[in-house]
Amino acid sequence: MTSSRVTFIHSPNRFYSEVQNNGVIFMPVWAYTLASHIDVAKLYKLSLVDTRFENINDVDYADVFLFSGINQDLPDILQSRSTLAARHPTTKFVLGGPICWSFDQVDDLDKLDAFDHIVIGDGEAVIDQLLAEILADSADQKVIRNRERFALSQSKPFYRQMVVTTIDRYYGAVLEISRGCPFLCEFCDIRILPDNNRPHNRQVDLIVEEIEYLCSLGVRSFLLACDNFIGDPRWAEEVVDAILKWQETSDYRPVFYTWLTLNLYKMPELMRKMRLAGFDSLFIGVESFNSNSLLETAKVQNTASGVIGAVKEIQSYGFPVVAGLIFGFDSDDESCFDSTINGLLEAGLISGDPSLLTALPGTPLFKRMKLAGRIRDSKYGLGGFKYHTNIKYLLPRDFLIQGYLKFAVKLNSGQYQYERFKAFLDNKEGKNYISLGGRSYFSPKLAIQVMRKNPAALKLTLYRLGAFASSPKNIWYLFKALSYTMSKTKIEGRFAYFQFWFAIWTTIIVKYRGISAADFDIESLKGNVENKHIIPDGYIDSTGEAIPKNKTLAQRRETLKSLELLVKQKIA
Ligand code: B12
Ligand code: SF4
């Protein structure tokens, strides 16, 4: 009996992988995950092709090619599909992942029409049967909508065979630990996935087993993928406790990076344990230093705390916070770029890179913009590309572009970088600080290993260093920062921060090098701003999400409170 060949094709957008993503190449979690839910006993031969390493023209025949992606990957996905289809005309093509969900939200599935089957939603419970039907030639549904969130408490380990043969080409590992978030930010599409406005947690024991297994393959850096690690703080504590317990009997000392909210500042014991367990840096959606903008987007957890104080408290334990920042909220005023420059400095944030507000399909923001007639067509406007957005802003286009460009110059300047680093280090001298020794999520050793296997990463690093060194001032501030680091003898592990800071700074230099007004595909509202452009009729009733109406209404009320204030200022 011959086995059927099923090949996973990971074909992400190249620009993002090679430039925007710090040159770091992460593993395709979806493939390892879905592979473990395919009944291999049926004698499938599963393989993985990642077009960042392998040439699509060399891919062997498969009975089924499985694709995945996010919105910005569309051109690359279509290109890879058509190359394969030309060579293997009888093969079936299936596409899943966030791109399908997002495009479905805006009735754009026809853009994915080239695929034989499109899967919307979680794939674990669908994949095995779909493959069986395709191979039996009885799969007649083109679009498969799975509205049920997979019970993550039933998750399986990664498909080992695929991991073993491919893991060493990626930077560390990405391990999914939970899905969902109980908050209600207006711009966020996490909340609108079916049953996703609450945490779905993976089995704690399995998380630790996977960490142990991946460590045994040489992994030392983990992205613990989730939407909000402290969406369920009790479970978060269980995970951290289990890692600590495992470390009592294990010699491995990996580092972890994860996503969570500013609310962490209220959890001193959890922060202490997270440091002891090896949590190195954290992504937090800071979004804005303007409290009206935060209220507008219903990011209430950030307004309650006062962003700067909360960030400082979290960083005082040792975590560098990677801040998500957004420009272009309706409530942003002319001071938005300056207040971000000042806020980053005051909070001692050394990492964090802003984007312009984008209305992701299906979000309340998208609905408000649509009702207000402020959605625009932009090639890459469905998210992902920083300077290509799909909404018409209230602040003038030229102001936003010039403000952003000036912001980028300031962000890159040696003196500003140095001052932020100094503020960051100064905040580590208190009683909260817990060192990870020399461990850091950014590991030069690991980066060198990755570069040895990937010439593109080496090229990018050389380019990065060249771009940095082209300004003598940068070198001056680099040595100043090094000397400051050396003087901070009380901070154990201080050189790891220095390396992290330098890595982030050079990344920013590459990201913004040569950026000009021509790179922006953005638009602003023309003519007089009217009430209907900010609070359109029907917004309050445009709930329609699969979460309790009282929750969505609570978000609408927060947003409206802030927008009404804005209307008074702008229009009255
Ligand atoms: C980890 C992560 C990252 C990491 C690493 C990503 C990686 N591995 O390459 C980093 C930090 C680098 C990152 C960066 C970005 N990310 Co990100 N990231 C995530 C996160 C938190 C987890 C992704 C993950 O691995 N999930 C676990 C896997 C198993 O889930 P999955 O891929 O969705 O697959 C499931 C289903 O979709 C389905 N499925 C998927 N593929 C297929 C295929 C078939 C055939 C079938 C049947 C089913 C199926 O089945 C799977 C199991 O249920 C998600 C949010 C989330 N909770 O998912 C955001 C998310 C994927 N990121 C997102 C974005 C926008 C970005 C950035 C563009 C952000 C930015 N502005 O810079 C960049 C671009 C990265 C790039 N491509 O270069 C968006 C994508 C939105 C969209 N619709 O396009 C998401 C969904 C977050 C969000 N809601 O905004 N990200
Ligand atoms: S806290 Fe983060 S994940 Fe949760 S709804 Fe807000 S933006 Fe989305």
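Predicted model: local features only at pLDDT ≥ 70, side-chain atom pairs only at ≥ 80, totals over all residues.
The chain is divided into domain 1 (4-145) and domain 2 (171-426). Ligand 1 lies between the two domains, because both give residues to the shell around it. Ligand 2 has a shell that includes Cys181, Cys185 and Cys188.

**Domains**

- The C-alpha centres of domain 1 and domain 2 are 28 Å apart.
- On the domain 1 side, 15 residues are in contact with 16 residues of domain 2.
- Helices H2 and H4 each supply at least two residues of the side of domain 1 that touches domain 2.
- H4 has the largest share of that side, with three residues.
- By residue class, the side of domain 1 that touches domain 2 holds nine nonpolar and six polar residues, and no charged ones.

**Ligand 1**

- There are 37 residues around ligand 1, and those that come nearest are Ser68, Ile70, Gly96, Gly97 and Gly123.
- Three helices, H1 (14-20), H2 (29-35) and H4 (98-105), each supply at least two residues of this shell.
- Strands E3 (64-68), E4 (92-96), E7 (173-176) and E10 (221-225) also each supply at least two.
- The most comes from H2, which gives four residues to the shell around ligand 1.
- The shell around ligand 1 divides into 19 nonpolar, 12 polar and six charged residues.

**Ligand 2**

- The residues surrounding ligand 2 are Cys181, Phe183, Leu184, Cys185, Cys188, Ile190, Arg191, Asp227, Asn228, Thr261 and Gly285.
- Of the residues in the shell around ligand 2, six are nonpolar, three are polar and two are charged.

**Sheet with E1 to E6**

- Six strands form an open sheet in the order E2-E1-E3-E4-E5-E6, and the pairing is parallel.
- Strand E2 (44-50) and strand E6 (143-145) are the edge strands, each pairing on one side only.
- From one strand to the next, the twist averages 20 degrees.
- Strand E4 pairs with strand E5 (residues 117-120) in the parallel sense over two bridges.
- Leu95 has Ile118 of E5 as its bridge partner.
- Helix H4 lies across E4 and E5, and runs at about 85 degrees to E5.

**Sheet with E7 and E10 to E14**

- Another open sheet of six strands has the order E7-E10-E11-E12-E13-E14, with parallel pairing.
- E7 and strand E14 (351-356) are at the edges with a single partner strand each, so one side of each has no neighbour in the sheet.
- Neighbouring strands of this sheet are turned against each other by 20 degrees on average, direction ignored.
- Strand E13 (residues 321-327) and E14 run parallel and are joined by six bridges.
- Val322 has Ser351 of E14 as its bridge partner.

**Contact of H18 with H20**

- The axes of helix H18 (residues 455-469) and helix H20 (residues 494-512) come within 9 Å and cross at roughly 90 degrees.
- H18 and H20 are therefore roughly perpendicular to each other.
- H18 makes this contact through Tyr463, Arg464, Leu465, Ala467 and Phe468, and H20 through Thr506, Ile509 and Val510.
- The residues of the contact of H18 with H20 comprise six nonpolar, one polar and one charged.

Methods:
Residues numbered from 1 in each chain as written. Chains lettered and ligands numbered in written order. Near = placed C-beta within 6 Å. Nonpolar A, V, L, I, M, F, W, Y, C, P; charged D, E, K, R; others polar. Domains from an automatic or database assignment. Axes fitted to C-alpha atoms, helices over the stretch in contact; angles between N-to-C directions. Parallel < 35°, antiparallel > 145°, perpendicular 65-115°, else oblique. Contact = placed C-beta atoms within 7 Å. Pairing = 2+ DSSP bridges.
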